[in-house]
Amino acid sequence: MRLLLAEDERALSKALATILERSNYSVDTVYDGEAALEYLAADNYDGVILDIMMPKKDGITVLKELRSRGSKIPVLILTAKSEVDDKVLGLDSGANDYLTKPFHSRELLARIRAMTRAQSSQTSSVLQMGNITLDQRTYELSSPTGSFRLANREFQILELLMQNPGNLISAERLMEKIWGYDSETEISVVWVYISYLRKKLSALGANIQIRATRNVGYCLEEIA
């Protein structure tokens, strides 16, 4: 899952990005509202964390412009302001949630999970297909015979495939969503991670498989 973090306090931005990446999110960081809108124009994110007090364009202006474009991307407003009127303004402008600094990292992660789950109409943080489950809180891949805790990129790839069962997803799309536009990583790395996941699914006796269609992409399907 890919997030955009718009926070002008660079030390805080760096700390938050580290927390999110350790929790198996891909994160791009920007430091002003104009840059946030430029990045979001690509429509390549699953959620946004917006600070209200930013240079060039504040978070509320960014939020209003996003909603005026018709974007339904989940938005968490992050701010030092705790007054009720500020919270009401953020929510009335289209925010999905509001978190006041200072906050605990566990609460931030829980709120991100909740707003992205609501956007995708999930009722649980556990994805299931066939005899395989993927817990989005613990990053644990399980079957009746055992489990593995997936590494960051493995988790993100399988999460995307499980959220789109039977749909082909190109290697290019996986690169954009997980490594980002600016990554210098070779696209062949996608195949490496697909190989890791296939071995783990096989070891778990999975009745689902990752199918590759040459020059088209990958999809997750049940084994007949």
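**View 1. Strand S1 (residues 2-6) and strand S3 (residues 47-51) run parallel and are joined by four bridges.** The model is predicted: local features need pLDDT of at least 70, side-chain atom pairs count only at pLDDT 80 or more, and totals for chains, interfaces and linings use all residues. Residues are numbered from 1 along each chain as its sequence is written, and side-chain values use heavy atoms, with hydrogens and water left out. Strands (E, at least two residues) and helices (H or I, at least four) are DSSP runs numbered from the N terminus; two strands pair if DSSP finds at least two bridges between them. Leucine 5 stands opposite isoleucine 49 of S3. S3 also pairs with strand S4 (residues 75-79), in the parallel sense and over four bridges, and there isoleucine 49 stands opposite leucine 76. Five of the five residues of S3 are buried (buried is under 20% relative accessible area, exposed over 50%, partly exposed in between, with a 1.4 Å probe and protein chains only). In a regular strand, side chains alternate between the two faces of the sheet. Gly47, Ile49 and Asp51 point one way from S3, and Val48 and Leu50 point the other way.

**View 2. Four strands form an open antiparallel sheet in the order S6-S7-S8-S9.** Strand S6 (126-129) and strand S9 (146-149) stand at the edges with a single partner strand each, so one side of each has no neighbour in the sheet. From one strand to the next, the twist averages 15° (axes are lines fitted to C-alpha atoms, for helices over the stretch in contact, and angles run from 0 to 180 degrees between N-to-C directions). S6 pairs with strand S7 (residues 132-135) over four antiparallel bridges, and the bridge partner of valine 126 in S7 is aspartate 135. Helix H6 (residues 152-163) lies across S6, S7 and strand S8 (140-143), at about 120° to S7.

**View 3. Isoleucine 208 lies in strand S10.** This residue is buried, with a relative accessible area of 3%. Its contacts (heavy atoms within 4.5 Å), not counting residues up to four places away in sequence, include Met129, Ile132, Leu201 and Leu220.

**View 4. The second largest pocket has a volume of about 240 Å³.** A pocket is an open set of points on a 1 Å grid over the protein atoms alone, where a 1.4 Å probe fits, with protein on both sides within 12 Å along at least five of seven lines; lining residues have an atom within 4 Å of a point. Grid points are joined across faces, edges and corners, and the volume is the space filled by probe spheres set on the points. The lining has 14 residues, of which Ala171, Thr213, Arg214, Asn215 and Tyr218 lie nearest the centre. Helix H7 (171-179), helix H8 (188-203), S10 and S11 each give two or more residues to the lining, and H8 gives the largest share, three residues.

**View 5. Asparagine 24 and asparagine 215 have positive phi values, about 70° for asparagine 24 and near 65° for asparagine 215.** Asparagine 24 sits in the loop between helix H1 (10-22) and strand S2 (26-30) and is buried, at 6% relative accessibility. Asparagine 215 sits in the loop between strand S10 (208-213) and strand S11 (217-222) and is exposed, at 78%.

**View 6. The peptide bond from lysine 101 to proline 102 is cis, with omega near -5°.** Proline 102 is in the loop between strand S5 (97-100) and helix H5 (105-119).
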